[in-house]
Amino acid sequence: MSQVELEFQSRVMEQYPQGVYFDSVNSGDSNKSVILNSVVPTIIFDDKNNKRMVKFIKLNNLGKMIIDRDHKFIFETKPTVIRSRIDEHLVEIQTKTEQIVLAVIFDKLAKIAMVRTTLNPVYNILKAVYEKKLTKESLLNYPKREKYLRYIQFLCDLEILREQKERYSEGNYFIQIEKALNNKDEEEILNRVFGLTIKEGKTYLLNNLNINVLKPFIRIANIYYSSSALFENILFIKKENLYNNYLKAYGLNTKFVNFESYLDQLSRAKILNEDGLVHGDKTILEKVSDLMKKSSASPSMC
Amino acid sequence: MVFYELTSPQHQAEWDSCVPTTIKVILSNQVNVTKSIATIKKWCGWERGGVVPYSALRKLDEPLSKLKITVMEKSNLTEKDLIQLLEKGILPLIYFRLNYTNETGTKELSIDEEGTHFFHPVVPVGIEEEKVYIYDCFYSGYGKKLSKSEVKVTLKLPVFLREWQHTANRAFWLVLEKSKDRQLSEFAGSKK
């Protein structure tokens, strides 16, 4: 390291959190500067082989430092600004990877009993439409009419349903699925449409209809599959390690017994497997890895 | 040959708590002060994502002064200085790039090359001829004591010195104020 590099290095370690660094010193007419980047460790457990791997999420262009010819620091991005930029990037990456994992597991997610029960009104609406029974007149007799009307509007907005003069019918996406699954039975078609509803309407369901039941399943699957995608292989992880990663990544205090219940349901839906160690599904991992590469999303903090 | 046998060496419970964990072990071993990780985190300005490496240790000065303990730091030290510190029962804290562990032949950990950008605290607890014994809280499975045979990381001296250069051979250590003058004159350590 040159003298000026050591000066920058020392200053970085006096001002900024661990992981903040610069690649090289840029020389101007009289000043020298560095661009600040950061790495954030991601610890991946391979409990089958009793090994821990550390990979890093890289965040570039977070700030700058400038030193003048007298070696005086004349500009430094504020440490609070650097910290908040790191946090913003990490949240952004986590949201992106969640969307990717959800895009792959949505149809399986729809089979989880807890999800199905909470979203039963949505399923009932889809079923009534499929059976051509959802007329506007029939809605007048629904016990929770207002609630059902909100769900119907939501499904129309997603183009899963279509409003007609006297009734509601299948929308573009519903029709496409019916066409694609031409010879399949009613339940399979409805499951697929139901899954698509969760996938496309996740944000709305969470924010407007307050369907929090989805969150833990998406998050646990995200924690597992984003780690495995980074490792480029199916990981075998102790339940306790996955639990700790889940709490830490999302800043939660979920009880272990509740986590075990979520894991059990993810296992029944064939999203994750659990037999002593938690491990994933090869097909899901391949799809997740592929989508992550295409979207350039770095895996989530795990 | 010098070796400091640590009692209750700890593994960091979270990925970003390496500095507080290392400080906790130094405090309990060297000056017999037992504090919780939560307290030490508060003392050294920890936030989610870790600490500011150098200023975290300087921030300890204020709370530790109430216990008559001073934080010392100095750059451009040599392995001989470290030997002298250890011989006096003082544990030096130094920062290494996290992927230095790849040089140790360890099978427990694998750290990718971006680890060169992440500085991590370690404590050299022993030096003999061409070998340096290190306590690193990133490793797990520590027992009640860290004897020479149980040390998880050893580095050849040239490798150790090469890694140390990245922080200009800087070290931090604690001294009890009653013995401060003697140690200050012998090491010319500076108190920031």
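1. How many bridges join β7(B) to strand β9 of chain B? There are four, and the two strands run antiparallel. β9(B) covers residues 153–156, and one facing pair to look for is I134(B) opposite V153(B). Before going further: this is a predicted model, so take what follows as a reading of a prediction.

2. β7(B) also pairs with β6(B), residues 119–128, again in the antiparallel sense and over five bridges. Within that pairing, I127(B) has V132(B) as its bridge partner. Strand β7(B) itself spans residues 131–135 and is mostly covered, with four of its five residues buried.

3. Now the turn. The hairpin of β6(B) and β7(B) has two residues between the strands, and E129(B) takes a positive phi near 45° there. Most residues other than glycine have a negative phi. E129(B) is not a glycine, yet its phi is positive. Is its position buried or exposed? Exposed, with a relative accessible area of 77%.

4. E159(A) is not a glycine either, and its phi is positive at about 65°. You'll find E159(A) in the loop between α6 (145–157) and β6 (161–163) of chain A. This residue is partly exposed, at 39% relative accessible area.

5. Staying in chain A, have a look at the open sheet of three strands, ordered β8-β10-β9 with antiparallel pairing. β8 (237–238) and β9 (272–275) stand at the edges with a single partner strand each, so one side of each has no neighbour in the sheet. β8(A) is joined to β10(A), residues 277–280, by two bridges, and I237(A) has V278(A) as its bridge partner. Helix α9(A), residues 214–231, packs on this sheet and touches β8, β9 and β10 of chain A. The direction of α9(A) makes about 80° with that of β10(A). Helix α11(A), residues 256–268, packs on the sheet too, touching β9 and β10 of chain A, and its direction makes about 115° with that of β9(A).

6. On to the nonpolar side of things. The largest nonpolar core has 163 residues. Those with the most contacts inside this core include L109(A), Y225(A), I271(A) and F160(B). Which helix gives the largest share of the core? That is α2 of chain A, residues 79–109, with eleven residues.

7. Leaving out residues up to four places away in sequence, F160(B) touches L82(B), I94(B), F96(B), P124(B), V132(B), I134(B) and L155(B).

8. Then the interface. Chain A puts 30 residues into the contact and chain B puts in 39. Between them the chains bury about 2800 Å², with 56% of that on carbon and sulfur atoms. On the chain A side, M13(A), Q18(A) and R52(A) lose the most area to chain B, together 30% of what that side buries.

9. Last, the scores. The model comes with ipTM 0.89 and pTM 0.80. Chain B has an average pLDDT of 90, and 93% of its residues score at least 70.

Notes: Residues numbered from 1 in each chain as written. Chains lettered and ligands numbered in written order. Predicted model: local features only at pLDDT ≥ 70, side-chain atom pairs only at ≥ 80, totals over all residues. Heavy atoms only, no water. Buried < 20%, exposed > 50% of the residue type's maximum accessible area, 1.4 Å probe, protein only. Pairing = 2+ DSSP bridges. Contact = heavy atoms within 4.5 Å. Axes fitted to C-alpha atoms, helices over the stretch in contact; angles between N-to-C directions. pLDDT = per-residue confidence, 0-100. Core = buried A, V, L, I, M, F, W, Y, C linked by side-chain atoms within 4.5 Å. Buried area = accessible area lost by both parts, 1.4 Å probe.
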